[in-house]
Structure formats: structure tokens, C-alpha cells
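Trainee: I would like to learn how to read a structure like this one feature at a time. Could you walk me through it, with the general idea before each case?

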Amino acid sequence: MREQTYKGIIQKYKKFLPVSDKTPVITLNEGNTPLIYAGYLSKLTGDNAEVYLKYEGANPTGSFKDRGMTMAISKACEEKAQVVMCASTGNTSASAAAYAARAGIKCIVLIPSGAIALGKLSQALIHGAKVLAIEGNFDVALDLVKEITKLYPIVLVNSLNPYRIEGQKTGSFEICDYLGDAPDFQIMPVGNAGNITAYWKGYKEYQAQGLSTKLPAMLGFQAEGAAPIVRGKPVKDPETIATAIRIGNPASWKSAELARDESGGLIDMVSDEQILEAYKILAEKEGVFAEPASAASIAGLLKLIDKQYFKKSKTNNKFKIVCILTGHGLKDPERAIKTIQAPKVMPADLKTIIKEIGY
Ligand code: AN7
């Protein structure tokens, strides 16, 4: 068998990560995800910018969480942990369950009952995690996990675990490697705010190493019904169809604000209507299927285009904008079917079908 050359983000970026030869690397070959040029969206900027999509749905469990989880689980194993635990709106639980299964350790997840997408739930279950659906939202679940992991020998693998941030910062390394430099703007959804923290850390480290020459403005988007950072106070009962970012009191609130302010960026919000519109545009015009929370990136891009935010280039060079698509569309198949329409049922009859097609 030919030896595989790509073995995941720890192997690729180990000199930027807190690992040593003693760290057992638990990997599913995550990372190395496509950066896709988006022609339709670029045109919408009035051709002032080139828009790229960082398709994190192409990770092994279908979301960006795998970058952080390979680090968190590898370090947990290095420290001889037997049990890991997280609260989750879905993707963290799917990823934690998969990496814990691979490591042969136990995984416990708390999810808000009835509020996570079907694909994510199926992942956590099939990988053998102990899945507890609690009567409370994500913020309540995270508080419980913090308490429990303080009391018992269980490693917390939410993004409060610094190894998660370390792993996730490799997304920005890949973008810089691919584009030859950092982009001018990066747009991403913000939930618990770990990812914006991680990307910003990554961009700064790459620049400090002389591997990129500039830093992007970090543009984060929350859902209108779950926008604590935008509103400046926690949201007690967050609501949005983008269940992944249905979070009212983000753990990395302060570092998200720091990323925003240091980078000269912004954190704004988009409505569920705008998210669903962007979700459809992305799928229909770019051929890219991302989950609703990820479409918040595109809804944010469209909102900023409307405000003529990108019309300020002093040089003739086009801006480069990277939108992070954090999770795969198949995570939430029910939303896709609800957003469009279930297919029309027809008799298995040639003439009827041809008539329906419109010939
Ligand atoms: C697809 O899985 O919080 O701002 O528990 O699944 O770093 O929290 C998921 C978050 C964006 C927000 N897009 O990232 C969880 C969880 C998708 C996500 C976010 C999440 P953060």
C-alpha cells in the first residue's frame, strides 16, 4: 500500500501546536479542506472582491470541530484521561464522539433536548457516546458540564479547552497557504465564539512567523435571536433556526470582541430569513451545501455588500474575502426539505412526467 501523505492537522502544523513526540496523535485526517472560489458571490460585490468559501463541511465528521477535537482528544490521551465530556448544539458532540471512539475512551455529551439537528444526533449516537438530552438550552448544558468536569476526573472538550482553540487555528494557516497571504476580510458565524478566537490567533501567529504579510478584518455574524455580543448582554432564551449557533452566553465572548477590535472588524447579526435566503443562494448558485449556521457567513456577506462595505479598496487590487462554511448541509436535512418543498409525487407514467418537466 502506498503511504498516505496527508495525516491531519497535527502532523501538518505540529511546529505551531503544543504537541511533542510523546503525544499520541488521534486523527481522522481532518483539515486540508477546499477553499472554493465563489463566482456568483464575487460578481455580487460588483467585482470589487474575490470571494472564497472555506468548506469545513468536508472534514471527517462534517464540521470544523474536528480540527480542535484531534488536538483535545490527543492531549487528553497524553494525559491518560479515560473520559471526556462536552455540551453541544450538535457538531461538537458529533466530533467528540468520533474522536473518543477512535481513541477508545468514553464520551459523554449534554445536548439541549429537541434542539439539535438530526444528522448530528445520529453521529453522537452511532459513535457510542453517552448522549443526555437535557431540559434546558446550550448555555445551561455548558454550565453543568463545567461543574461536573470540576468535580470528577473528566476532561472538558468544549472550546474552553485551550487545545481546541490551538487545533482550530490551523484553518487560518490553510487559508494563508492557499492564497499566498492572509485575505483582506474573513466572515464567519459566531456562536460560543471559540472559532473566531482560534482563527484570529492563527492569523497573528502566521504573520509573526513571516508566513503572511497582513491580517484580515474579522467579520463575525450571530443570528438575530441569539446575538448577545451584538446586543451587549446575554440572551436568556436564544432562538434561531440555525441551531448550531443558538447560544445566549458565549464562553469566549471577550476574546471574540478582542478579535473584532484588534482586526478592525465587526460582529453583527442576521435574521433567520436572511440566513435561509443565503442558504438557498449558496446551494443553488454556487453548488455548495452548508448548514444554516454556516449560511450566516453568506447572509453577513450579502448584508455588507448591500451596505457597500467592500467598496473602499485604495489600490486596484481586488479584495479577497473568505467566508467560513463551518458545517455540512447534510447535518440538517430536515431544514433543507422544509426550506424548499418535498418532491411532488407522480404516477410512474412517461407522458405525465414529460408534461410536468415542461416539454
Ligand atoms: C456549524 O457544536 O457550539 O463560535 O456545540 O456548529 O466557535 O461556537 C457549534 C458551533 C458555527 C459557532 N457553525 O462556532 C457546538 C457548537 C457551526 C457550529 C458554530 C458552531 P463557535
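Mentor: Gladly, and let us begin at the ligand: one of its nitrogen atoms is 2.6 Å from an N or O atom in the side chain of Thr 326. Keep in mind as we go that this is a predicted model.

Trainee: Which backbone atoms lie 2.8 Å or 2.7 Å from an oxygen atom of the ligand?

Mentor: For Thr 89, a backbone N or O atom is 2.8 Å from a ligand oxygen. For Asn 192, the corresponding distance from a backbone N or O atom to a ligand oxygen is 2.7 Å.

Trainee: Back to Thr 326, then. Where is Thr 326 placed, and is Thr 326 buried or exposed?

Mentor: Thr 326 sits in the loop between β10 and α14. Thr 326 counts as buried because its relative accessible area is 7%, and the cut-off for buried is under 20%. The side chain of Thr 326 also makes a polar contact, at 2.7 Å, with the side chain of Ser 294.

Trainee: What else is Thr 326 in contact with, beyond its neighbours within four places in sequence?

Mentor: Its contacts include Glu 56, Gly 57, Phe 64, Pro 189 and Asn 195. To see how sequence and space can part ways, take Ala 58: its C-alpha atom is 9.3 Å from that of Thr 326, although the two are 268 residues apart along the chain.

Trainee: Glu 56 is on that list. Where does Glu 56 lie, and is Glu 56 buried or exposed?

Mentor: Glu 56 is part of the loop between β2 and α3. With a relative accessible area of 0%, Glu 56 is buried. Among the residues Glu 56 touches are Thr 33, Arg 67, Tyr 199, Ile 324 and Thr 326.

Trainee: Now the backbone. What should I look for in phi?

Mentor: The general idea is that most residues other than glycine have a negative phi. Ala 193 has a positive phi, near 75°, and so does Lys 80, near 65°.

Trainee: How do I read a strand?

Mentor: In a regular strand the side chains alternate between the two faces of the sheet. In β8, Ala 217, Leu 219, Phe 221 and Ala 223 point one way, while Met 218, Gly 220 and Gln 222 point the other way. Every one of the 7 residues of β8 is buried.

Trainee: And pairing between strands?

Mentor: Strands of a sheet pair through backbone hydrogen bonds, either parallel or antiparallel. β7 and β8 are a parallel pair with 5 bridges, and Phe 221 in β8 is the bridge partner of Pro 189. Elsewhere, an open sheet of 4 strands runs in the order β5-β4-β3-β6, with parallel pairing. The strands at its edges are β5 and β6. Between β3 and β6 there are 2 bridges, and Met 85 has Leu 156 in β6 as its bridge partner.

Trainee: Last topic: how do I read a nonpolar core?

Mentor: In soluble globular proteins, nonpolar side chains tend to be buried together. The largest nonpolar core here has 42 residues, of which Leu 219 and Phe 310 touch the most other members. Helix α13 gives the largest share of this core, 9 residues. A second, separate core has 30 residues, including Tyr 6, Ile 175, Leu 179 and Ala 182.

Trainee: What does Phe 310 contact, setting aside neighbours within four places in sequence?

Mentor: Its contacts include Phe 185, Ile 187, Leu 219, Leu 301 and Ile 321.

Notes:
Residues numbered from 1 in each chain as written. Predicted model: local features only at pLDDT ≥ 70, side-chain atom pairs only at ≥ 80, totals over all residues. Heavy atoms only, no water. Core = buried A, V, L, I, M, F, W, Y, C linked by side-chain atoms within 4.5 Å. Buried < 20%, exposed > 50% of the residue type's maximum accessible area, 1.4 Å probe, protein only. Contact = heavy atoms within 4.5 Å. Polar contact = N/O pair within 3.5 Å; in protein donor to acceptor, adjacent residues only side chain to side chain. Pairing = 2+ DSSP bridges.
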